[in-house]
There are 2 protein chains.
Amino acid sequence: MNYDIAKLTVAVPTPVYPLSSLSSFGNELLRRMSPADLALLEPSLKRVALPLRMPLVTPDVPIEAVYFIEHGIASVVARTPTGQEAEIGFIGYEGMAGYSLVMDDDRSPLACYVQLEGEAMRIDAACFNAALAASPTLRLFLLRFVNYLQVQTGCTALVNARLRLAGRLARWLLMCDDRVVGIRFSITHEFLATMLGVRRPGVTVALQELEGLALIRSRRGEVVILDRPGLVALASGGYGVPEAEYSRLFGELDSAAQ
Amino acid sequence: MNYDIAKLTVAVPTPVYPLSSLSSFGNELLRRMSPADLALLEPSLKRVALPLRMPLVTPDVPIEAVYFIEHGIASVVARTPTGQEAEIGFIGYEGMAGYSLVMDDDRSPLACYVQLEGEAMRIDAACFNAALAASPTLRLFLLRFVNYLQVQTGCTALVNARLRLAGRLARWLLMCDDRVVGIRFSITHEFLATMLGVRRPGVTVALQELEGLALIRSRRGEVVILDRPGLVALASGGYGVPEAEYSRLFGELDSAAQ
DNA sequence: GATGGTTGGTACGCTTTCGGACCAATGCGG
DNA sequence: CCGCATTGGTCCGAAAGCGTACCAACCATC
C-alpha cells in the first residue's frame, strides 16, 4: 500500500468557501468546481473503495455511475476484437471516470478499470445527468477535463508510435508518480506490459535499463522513483504536454493537498 | 485530384427542412444538426478552399475559426518538442476542425492541418462561440463529434502500440477511403511515413506488401483501393470501432451523399 | 518448513524496424 | 527536349522487440 488511508479522515485546512467544510475532497475536480455546482452533486456523492481491477466503465454498456477519483489510478483501455489491449488514458485524483456522460453519451466502447486501488466519490449516472442538465457551468467545467484527456490520449498515441520501450515506460512511471502519494508504488511487470502493449520480459529489461541509469529502483512488485528529471529526459518530449495543459485549464496541481 | 469540384455546385435533392435549400452541405455535422442550430451558424458560414498543408489549428495559439469540412482531409497531429510528429486524429466531411471551442477552450496543444486538399465551411471563432452560448443543443450535438474523435484517437494509440506497419497502413488507407470520393487518392510515401510515425522506406515496403496481397494498387503519388474487406482483415481489429461509434452517435453515413 | 501460486530474470532465434545511403523513375518548368 | 526537384525502390548492418520457454526468487498458506 503506498498511500495513507488515515490521512483521508484527518482535519483539512480552513475552508475557503462556505460549503467547503463538506468539500474536503482529494479529487481536484470536486475541489475546483464552483460551490454552486458542487452543491448540486454533493448530496448524491458517496465515498466508495476502488479495489484493484474494479470495472468503472464497461464497453458498450450504459454507464452506471461517475467516479471522481480521490486516490488510486484508473486506466482507460482500448481493446481489439482479438483481445489485445493498450492503455489510452490515465486518471487519478485529478480526474473522473465515466466522462462520456459529460458529452451527453450514455456509454463508451472504451473500458475503464482500476489499476491502483484507492477510493472515489461515486455518483449515479441519473443524478449526474440531472446535475448536468441543471447547470450549464458544471458541464463546461467538466468539459475541460475531457479536453485534457483528449490531449493526453493524443500524446499516448504519439509516444506509442515514436518512442522506444524505455521512453514509454519512463513516461508511464512519471504519470503514475504524479498521481500517487510518495515516491514508490506497487506494480508488476506483467501489468506494465499489458498497459504499454508489449511483452512482459521486455518490461523487465527496460526496468533494468532505467535502474542502471539510477533513475528508479525496482523491487519485486514495487518501483521507486529516484530521478524525475532523468525520467523526463528519457521520455524525450513524451511527458509534459498534457500536464501543462491541465495546469493551463485548472491551475497548478497542489500535490501536497492530496 | 480525386474528387469532383463541379459536384459542389449542382442541384441537391428536395429539402427535408425549410432551411435545407440553404443547407446543401457536404459536411455531415451541418447536415444532421437541428434546423434551428444550423440557422444560428449559417449566416456566418463561408465556403473556403483547403489547400494542402493549410494550418487549421496552430498549437497553443488561439483558434481563429472552426472548419466544417466539406471534402478533403485534415489531420490532428501531436508533436514532441524535438519535432517528431504523428497523426492522432483524422477528420473529413464527417467532422470539424477546431473542436476545442466546443469544450470551451480557445486553443489546443495539438496541431491540425490539411492533408488532402478540399473545401470547408468556415466560421469565425467569435461567431461560433456566440452560437454555442445561444444554443445548448448545438453544443450537445457537436460534443458527440468530440466524443467520437476521442474514441478514434484512442484506437490510434492502440494500433500504434499493437499493430505492425502493414496493419496500421491498412487502417489509414481505409479511413482515407471512407472520406474520399472514389477509390483512389493522391498520397506520397514520405507523407504517409510522417503520419504513421515511421521511416519512409518502411512505407514503400509495406505498400508493396499490400499490393502483393492484391489489396491495393500503388502508383507514383497515388493509391487505389482494390479490396476493402481484405484491408479490414489485415488491420486486425484496428479498424471499425470508431466507425461504429460514429454510426451509433449520428446514424449511418450516406457515402453517396457526399 | 514444505507447498504452490505469483512474480521476476534470462536465454534463444527470429521478425520487424531503424538509420543511412544511393540510385532510378517520374514529371514539371524552362 | 533538357535539367532538376520530387518521389519511389533497394540495400546494408544494427538495434529493438517478439514468442517461447524455463527456472529462480518470493510470499502466503497450511
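Copies of a chain are superposed by least squares on the C-alpha atoms of residues with pLDDT of at least 70 in both. This is a predicted model, in which local features need pLDDT of at least 70 and side-chain atom pairs count only at pLDDT 80 or more, while totals for chains, interfaces and linings use all residues. Residues are numbered from 1 along each chain as its sequence is written, and chains are lettered from A in the order in which they are written.

Q: What makes the two copies related as by a two-fold rotation axis?
A: Chain B can be laid on chain A with an RMSD of 0.0 Å by a turn of 180° and a shift of 0.0 Å along the axis. The two copies are therefore related as by a two-fold rotation axis. Within chain B, the residue that comes closest to this axis is B:A157, whose C-alpha lies at 1.9 Å. Both copies use the same surface, since 100% of the contact residues of chain B recur in chain A.

Q: How many residues of chain B are in contact with chain A, and which element gives the most?
A: Two residues are in contact if their C-beta atoms, placed from the backbone, lie within 7 Å. In chain B, 37 residues are in contact with 37 residues of chain A. Two or more residues on this side of chain B come from each of β4 (85–91), α4 and α9 (241–250), elements being DSSP runs numbered from the N terminus (helices H or I, at least four residues; strands E, at least two). The most is given by α4(B), with 17 residues.

Q: How do the residues of the side of chain B that touches chain A divide?
A: They divide into 18 nonpolar, 14 polar and five charged. Here Ala, Val, Leu, Ile, Met, Phe, Trp, Tyr, Cys and Pro count as nonpolar, Asp, Glu, Lys and Arg as charged, and the others, Gly among them, as polar.

Q: Why are α5(B) and α6(B) called roughly perpendicular to each other?
A: Their axes come within 11 Å and cross at roughly 105°, the axes being lines fitted to C-alpha atoms, for helices over the stretch in contact, with angles from 0 to 180 degrees between N-to-C directions. Angles of 65 to 115 degrees count as roughly perpendicular (under 35 as roughly parallel, over 145 as roughly antiparallel, the rest as oblique). The two helices of chain B are therefore roughly perpendicular. On the α5(B) side B:R168, B:L169 and B:W172 meet B:L192, B:M195 and B:L196 of α6(B). The residues of this contact divide into five nonpolar, no polar and one charged.

Q: What makes α6(A) and α7(A) roughly perpendicular?
A: The axes of α6(A) and α7(A) cross at roughly 105° and come within 8 Å. That angle falls in the stated range, so α6(A) and α7(A) are roughly perpendicular to each other. From α6(A), A:H189, A:E190, A:L192 and A:A193 meet A:R200, A:G202, A:V203, A:T204 and A:L207 of α7(A). By class, this contact has four nonpolar, three polar and two charged residues.

Q: Which residues come nearest to DNA strand D?
A: Of the 17 residues around DNA strand D, the nearest are A:R164, A:L165, B:T188, B:H189 and B:P201. A residue is near a strand if its C-beta atom, placed from the backbone, lies within 6 Å of it. At least two residues of this surface are supplied by each of α7 (200–212) of chain A, α6 (189–196) of chain B and α7 (200–212) of chain B. The largest share, four residues, comes from α7(B). The surface near DNA strand D holds five nonpolar, seven polar and five charged residues.

Q: Which residues are closest to DNA strand C?
A: DNA strand C is surrounded by 16 residues, of which A:T188, A:P201, B:R164, B:L165 and B:G202 are the closest. Two or more residues each come from α6 (189–196) and α7 of chain A and from α7 of chain B. With four residues, α7(A) gives the most to this surface. The division near DNA strand C is five nonpolar, six polar and five charged.

Q: Why is A:D60 called partly exposed?
A: A:D60 has 14 other C-beta atoms within 10 Å, so the term partly exposed applies. This residue lies in the loop between β2 (55–57) and β3 (65–79) of chain A. A:D60 has a positive phi of about 60° although it is not a glycine. In chain B, B:D60 likewise has a positive phi of about 60° and is partly exposed, with 14 other C-beta atoms within 10 Å.

Notes
A residue is buried if 20 or more other C-beta atoms lie within 10 Å of its own, exposed if 12 or fewer, and partly exposed in between; C-beta atoms are placed from the backbone.
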